[in-house]
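Work through the exercises below with the model open. Try each task before reading its solution.

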Amino acid sequence: MRHDILALPNRRHLAGLSLIYAGVMLYSSTLVGPTGVNFVYRDPADALRIFLATPYVAHGSDQRADWIGNLLMLVPYGFLVVGAMWPRRSFLRPPAALAAMLVCVATILAIKYLQLFFPPRTVTLNYILAQTLGAVIGCVGYAVWHGRVGPVAGRRDHIGGFVLLLRLYTGALCLFTLMPLDFALNASDLGTLLDRLPKTVVTLPGNGRPLAVRVMLIVMASLAFIPVGMLLTFVGRGVHRVGRGLLSVTGLGLLLTAGLYGLSVFVISAYPAAPSILYRTAGIVVGAAALSWLVRQDTDALRQRLVRLAPWAIAPYLLAVLLVNRLLSTHWLSASEAIAQFYPPSFLPLFDYYIVTKAEAAKNIVGHAALYLPVGVLLWLRYGDRSPMRAFILAAALSFVVELARSFRPGLEGDMNAIVVGGVASACAAALMPTLWSMVQTLGRQSAARTNRLWGTPGGSGSADGTVGRTADIEHY
């Protein structure tokens, strides 16, 4: 069965997704407030006059992270809108892109106007410009995707697709690592950041949290760089193969992680840690070694071994979930104490993302997604291609229990958004595993073909007339 992991939905589905995204933006930008829903009626004409006089406010560097967050929030929307309107004929694409931008700007202005009815929200030109720029980036991103990524996604080149997927992941990981991208732009900010530089030498993730949680955070940070190590093992242009040695990968990994650390030093809201160079590089080395080992395996036999090992992974996984959420404790609140500290607005969808910065909200979403991805992988091993709905239900149920339990821990609170995030992440993992596994199988066949050419008969092909190796070469390269 063919799986195109990078192929986008059709235009009708993209239009539906853009409407859903616009609805989420409207809801989160109006109904969600510090005290819940706070609608205050005012005359629409008066509101329009106020809106037309929207000022530009000179913000300091402390507001730059929020400005960047507003920009990034509109990138997916611009991508979806232009994708929904993208025509097949090339001469119609410029006007379609312009129309998509008008739709994006109209959406931004409409939401900003409606925000005037939900104090204490305010409207400034700063954020209108930021969101407009984000929509432009999204539109350009779709054009690049359609021109560069689409042709690769449409080919039966699983190895090329796998390399492209690893490149996209690496780019997203680097961007996420440098969030919220509020780089120092003046001498004062730069001096403040350089003053904190000595502390970064001994800084580790999770400052102030229990030791076990900090260890888990380091492990998870290392695991996040495993796909980067896999990417660095590939050599060749157009025709990719696993060929770079572990020593070379280690050197490239050190350069990459040192560069990320160096850049993070100049991000105002970041918490740079020099030791991250070591544990991130460790993840890269593990990824390179794992892929080099993986391509030498019989993938069918390997999957059977993984199926047998999957039940043994459940207990360690659940232990890790409890550990990260700080639920391995003897200190619990009584039901009355938990109810007393309950804050009703926290049950509003997306409220917990509103009360923190957009960068923290993004990290929260990614953290919950990563935490529940293994549910989808384990269920795929057990049930195969029929597991996405099971994965959603099971991960959502597990997340609900975890977040409810956090409400009974002193100093913690539940985040009901994690239920949806965990369920969707688990379902996506289960749905994507068949494609990822088919890519691994293709890599294994490529490795076997190269081995036959190197160590086969004198024809160098594994057959007397030299045809088998050449056939494999054409098919898999």
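**Exercise 1: the faces of H1**

The buried residues of H1 are Leu14, Ser18, Ala22, Met25, Ser29 and Thr30. They share one side of H1, because their arc around the axis is only 120°, taken from the directions from the axis to the C-beta atoms. Buried means under 20% relative accessible area, exposed over 50%, and partly exposed in between (1.4 Å probe, protein chains only). Helices are DSSP runs of H or I with at least four residues, numbered from the N terminus.

The model is predicted: local features need pLDDT of at least 70, side-chain atom pairs count only at pLDDT 80 or more, and totals for chains, interfaces and linings use all residues. Residues are numbered from 1 along each chain as its sequence is written, and side-chain values use heavy atoms, with hydrogens and water left out.

Solution. 
- Step 1. H1 has 20 residues (11-30) and should span 28 Å at 1.5 Å a residue. The expected span is 1.5 Å times one less than the number of residues. The end C-alpha atoms are 28 Å apart, which agrees.
- Step 2. Asparagine 10 caps the N-terminal end, with a side-chain oxygen 3.2 Å from the backbone nitrogen of arginine 12.

**Exercise 2: aspartate 189**

Task: state what surrounds aspartate 189.

Solution. 
- Step 1. Aspartate 189 is buried yet has no salt bridge. A salt bridge needs a side-chain nitrogen of Lys or Arg within 4 Å of a carboxyl oxygen of Asp or Glu. Arginine 64, the nearest side chain of opposite charge, is 4.2 Å away.
- Step 2. The side chains of aspartate 189 and serine 61 make a polar contact of 3.0 Å.
- Step 3. Leaving out residues up to four places away in sequence, aspartate 189 touches Ser61, Arg64, Ala184 and Ile268 (heavy atoms within 4.5 Å).

**Exercise 3: the salt bridges**

Task: how many salt bridges are there, and which residues form them?

Solution. 
- Step 1. The count is three.
- Step 2. Arginine 49 pairs with aspartate 46, closest N and O atoms 1.9 Å apart. They sit three residues apart in helix H2, about one helical turn.
- Step 3. Lysine 358 pairs with aspartate 66 at 3.4 Å. Lysine 358 is in H15 and aspartate 66 in H3, so the pair ties together parts 292 residues apart in sequence.
- Step 4. Glutamate 403 and arginine 406 meet at 3.8 Å, N to O. Both are buried.

Key: Helices (H or I, at least four residues) and strands (E, at least two) are DSSP runs, numbered from the N terminus. A polar contact is a pair of N or O atoms within 3.5 Å; within protein, one must be able to donate a hydrogen and the other to accept it, and residues adjacent in sequence count only if both atoms are side-chain atoms. Lys and Arg count as positive and Asp and Glu as negative; His and the chain ends are not counted.
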